[in-house]
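Subject: A structure for you to look at

Hi there,

Here is the structure I promised to pass on. Please open it beside this email, and then read on for what turned up.

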Amino acid sequence: MSESKLHKDIFVALAAIAWADGKLDPDEADAIVRAAVDEGLSLEEIGEIEAATKEKVDLGVIDKTGLSKEDRLFVYAVACWIANLDGQVTKEEGEALAKLGERLGVPERPRGSAEAIARKVAEMPEGDRPARYDLAAVRRIIGERLREAQAARAGS
């Protein structure tokens with residue numbers, strides 16, 4: 001598991017993904033705030049993130065400094081899950097996800113893998129609801145897959 005702490009701006013970016021279809025539903029807001037709480041952000045930072053779930057925000061600049069490959073894939077996977085919470089990904093949400101992937105520096109193929117991991121965890125019993133979605137499992141699976149890929153490259 002990555003030791004770096006995700007910055008508040010990452011969660012504001014997740015709110016922008018959720019706002020991409022013009023509305024942010026309560027489940028999406030809960031998911032974003034829960035992810036920030038799980039990450040251990042301060043109450044002040046969580047307050048700022050909650051504000052971003054109440055008023056539309058745009059996908060701003062994302063500072064990748066200090067984010068590992070695992071962190072970037074995790075953020076993208078969580079964004080995919082949030083975009084799917086209402087059962088559909090609109091054209092606008094798809095475009096916002098593509099923009100997020102670009103800003104995070106995640107190539108197309110790993111984006112598909114991250115999205116598949118997010119979907120796999122959401123398919124667990126009641127796993128698609130914010131209170132039960134296993135964010136730690138998403139991060140763990142991404143880390144395992146990265147290590148497997150590195151080992152395979154080293155063995156070639």
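Let's start with helix H5, residues 91-104. H5 has 14 residues and reaches 20 Å from its first C-alpha to its last, close to the 20 Å expected at 1.5 Å a residue; that expected span is 1.5 Å times one less than the number of residues. Helices here are DSSP runs of H or I with at least four residues, numbered from the N terminus.

Two notes before going further. This is a predicted model, in which local features need pLDDT of at least 70 and side-chain atom pairs count only at pLDDT 80 or more, while totals for chains, interfaces and linings use all residues. Residues are numbered from 1 along each chain as its sequence is written, and side-chain values use heavy atoms, with hydrogens and water left out.

Which residues of H5 are buried? They are Glu93, Ala96, Leu97, Leu100, Gly101 and Leu104, where buried means under 20% relative accessible area and exposed over 50%, with a 1.4 Å probe and protein chains only. They cover an arc of only 140 degrees around the axis, which puts them on the same side of H5; the arc is that of the directions from the helix axis to the C-beta atoms. An α-helix has 3.6 residues a turn, so residues three or four places apart point the same way.

The cover over the buried residues of H5 includes helices H1 (8-19), H2 (26-39), H4 (69-84) and H6 (108-122). On the face turned away from the buried side, H5 carries the exposed residues Lys91 and Glu102. After H5 comes Gly105, with a positive phi near 75 degrees.

Now for the pockets. A pocket is an open set of points on a 1 Å grid over the protein atoms alone, where a 1.4 Å probe fits, with protein on both sides within 12 Å along at least five of seven lines; lining residues have an atom within 4 Å of a point. A volume is the space filled by probe spheres set on the points, which are joined across faces, edges and corners.

The largest pocket has a volume of about 330 Å³. Of its 13 lining residues, Leu73, Pro110, Ser113, Leu146 and Ala149 are the closest to its centre. Helix H7 gives the most to this lining, with six residues.

The second largest pocket holds about 190 Å³. H5 returns here, giving the largest share of the lining with four residues.

Enjoy exploring!

Conventions
Helices (H or I, at least four residues) and strands (E, at least two) are DSSP runs, numbered from the N terminus. Contact means heavy atoms within 4.5 Å.
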